[in-house]
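Notebook open, viewer running. I want to go through a few spots in this model and jot down what I find.

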Amino acid sequence: MNAGIMTEHVDAVVIGAGPAGMAAATLLAERGAHTVLLDEQAAPGGQIYRGIEQANPALRALLGPDYAHGAALAERLRASGAEYRPGSAVWNVTSERYVWVIRNGAVTSLQTEVLLLATGAMERPVPIPGWTLPGVMAAGAVQILLKTASLHPDSIVLAGSGPLLYLLSAQLLAAGTTILALLDTTARRNELAALRHLPGPGGWGLLAKGLKLKAELRAAGVQTWRRVTDLRIEGKNAAEAIHFTAAGHKQRIETTLIALHEGVIPAQQITRALGCAHQWSETQRCFRPVLDAWGNTSLPGILVAGDAAGIAGARAAAPAGRLAAAEALHQLGRLTPAVRDELAAADRRSHAKHLKARAFLDALYAPPVAILRPADDVVVCRCEEVTAGQLRSVARQGCQGPNQAKSFLRAGMGPCQGRLCGPVVSEILADSLGRSVQETGYYRIRPPLKPVTVGELAGADTDDPA
Amino acid sequence: MHSTRADSNFSRLPDPRPELHFSFEGRRLPAHDGDSVAAALLANGCGPFRATAVSASPRAPWCMMGICFDCLVEIDGTANRQACLVPVADGMRIRRQHGARTL
């Protein structure tokens, strides 16, 4: 690509320092592989254990034992010998396993024998009227402010469904936030569907945690509305109120801060850019890379572990990272198949254990159709301000899929490069065209995956003597 | 409890990390060492971070994890920086971003 760039050759590159990436890089390095762990954040932990090393004891106690669990993973990573490079933005990756990074304004490149992607999850976009207004945030964003900056909202309305929403509510109560209302969008039919997937005894722990959280919120007297529909945010230059329907009545609550959440989906920007095969999951309502039991993608030497492989939760991510790392060590010629299998046995059991309640959770917190395929006036592509109605209109004019929607409407061509609108665009076009989402497909993702300036690219040339 | 500006939606829990100062639109404001630029701006109630290139509509962070790009600001003269990914530093000069960046 650029003759002036020095390419560093290593055994393994792991992208993402959440639970899967920390566990994978740790095992690889402990077993002697020259391993580089790249992560965009300033410290290890990913989103789930964000700020885990610097959180003071009071904050750690407030965030709870599930958060504190990440400390041991970070500690072991630091001791492992893996080269951890925080503040690294990966802006290009190729199927020949070249990885291009911007770090501290400088462009560097690596070539690796095995590439392990542990890029985790992102919150599912929640396109409702008014969701682009300042003061409307993803629930995870509010939690990140608490984890990394000890910031808690003075008052807030939380709306949506899923484990994170209830956990965040309990954490905010403990921090002293006034929760004006919790608007639960879980539909009755979800509860009925979930009953068919009630986990066996091995999955009860997670369910008990959920019930305990909800009991805490009731005990605190949090105003909770159930079976909420028709969410809409009012505001001119920022959020001023939230409207909804519950118990057969239209309601309005004044608030300047709203957290929305409808679950999480795999971050697919890098697996898409690489051209890995993906499969639509009807139960998780998202695309996932096609993987074998070790995390191998359709491309040689490229593996995926953790929530980027499909949503399995934080506790399943670390064992998944080690499974993929064991396979990577085998591919590097450092483990025979027999030793790999033996090394992986405990992690396979642990991984399966943490998946026991998954089918139940997937059914219970299946996202409402109103956010999967929003009404015509709702902005879907936040960057280019393209509405659901415009997408339906170009589908009627013959637009055959997400990539044509780019040229018709510029949907997905703004700074976020389709990260937030991609899932919704695929759903809307599939519905309009009368096809499956699998057939409709997803945006083709091209580098640069992160903004890189001409100056930074030019800077990459500096070791050229000319 | 360390209070933040009245027009912020957020308050700070007791936070032992050292204080530093940055500027936003020329105003000198406090932050804690380890805050992201986005967290520092939200703590101070700085209002919208940017205006969109399409309709100049106001935006502030949605995701705080590098996905949404609605926190783009100008930092020390460089436009198009993701405020949620850049740690705030003493003396940093931050400005709102209006419309598309210029290269």
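Before the first entry I need a term: helices (at least four residues) and strands (at least two) are DSSP runs, numbered from the N terminus. I also keep in mind that this is a predicted model.

**Entry 1: a loop alanine**

I looked up Ala309(A) and found it in the loop between strand E20 (302-304) and helix H10 (314-331) of chain A. Is Ala309(A) buried or exposed? The cut-off for buried is 20 or more other C-beta atoms within 10 Å. Ala309(A) has 27 C-beta neighbours inside 10 Å, so I put it down as buried.

Next I listed what Ala309(A) touches, leaving out residues up to four places away in sequence. The list reads Pro266(A), Arg288(A), Pro289(A), Leu291(A), Gly295(A), Val304(A) and Ala320(A). For Ala320(A) I also checked the spacing: it sits eleven residues from Ala309(A) along the chain, and the two C-alpha atoms are separated by 9.4 Å.

**Entry 2: a hairpin in chain A**

I moved to strand E4 (residues 88-93) and strand E5 (residues 98-103) of chain A, which run antiparallel and are joined by five bridges. Within this pair, Asn92(A) stands opposite Trp100(A) of E5(A). The two strands make a hairpin with four residues between them.

**Entry 3: two helices**

How do helix H14 (residues 388-396) and helix H15 (residues 402-409) of chain A cross? Their axes come within 10 Å, and the crossing angle is roughly 105 degrees. I therefore wrote down H14(A) and H15(A) as roughly perpendicular to each other. H14(A) brings Gln390(A), Leu391(A) and Val394(A) to the contact, and H15(A) brings Ala405(A), Phe408(A) and Leu409(A). By class I get five nonpolar residues, one polar and no charged.

**Entry 4: where the chains meet**

How many residues of chain B are in contact with chain A? I get 39, facing 41 residues of chain A. On the chain B side, the elements giving two or more residues are strand E1 (10-12), helix H1 (37-43) and strand E5 (58-59). That side divides into 23 nonpolar, eleven polar and five charged residues.

How values were computed:
Residues are numbered from 1 along each chain as its sequence is written. Chains are lettered from A and ligands numbered from 1 in the order in which they are written. This is a predicted model: local features need pLDDT of at least 70, side-chain atom pairs count only at pLDDT 80 or more; totals for chains, interfaces and linings use all residues. Axes are lines fitted to C-alpha atoms, for helices over the stretch in contact, and angles run from 0 to 180 degrees between N-to-C directions. Angles under 35 degrees count as roughly parallel, over 145 as roughly antiparallel, 65 to 115 as roughly perpendicular and the rest as oblique. Two residues are in contact if their C-beta atoms, placed from the backbone, lie within 7 Å. Ala, Val, Leu, Ile, Met, Phe, Trp, Tyr, Cys and Pro count as nonpolar, Asp, Glu, Lys and Arg as charged, and the others, Gly among them, as polar. Two strands pair if DSSP finds at least two bridges between them. A residue is buried if 20 or more other C-beta atoms lie within 10 Å of its own, exposed if 12 or fewer, and partly exposed in between; C-beta atoms are placed from the backbone.
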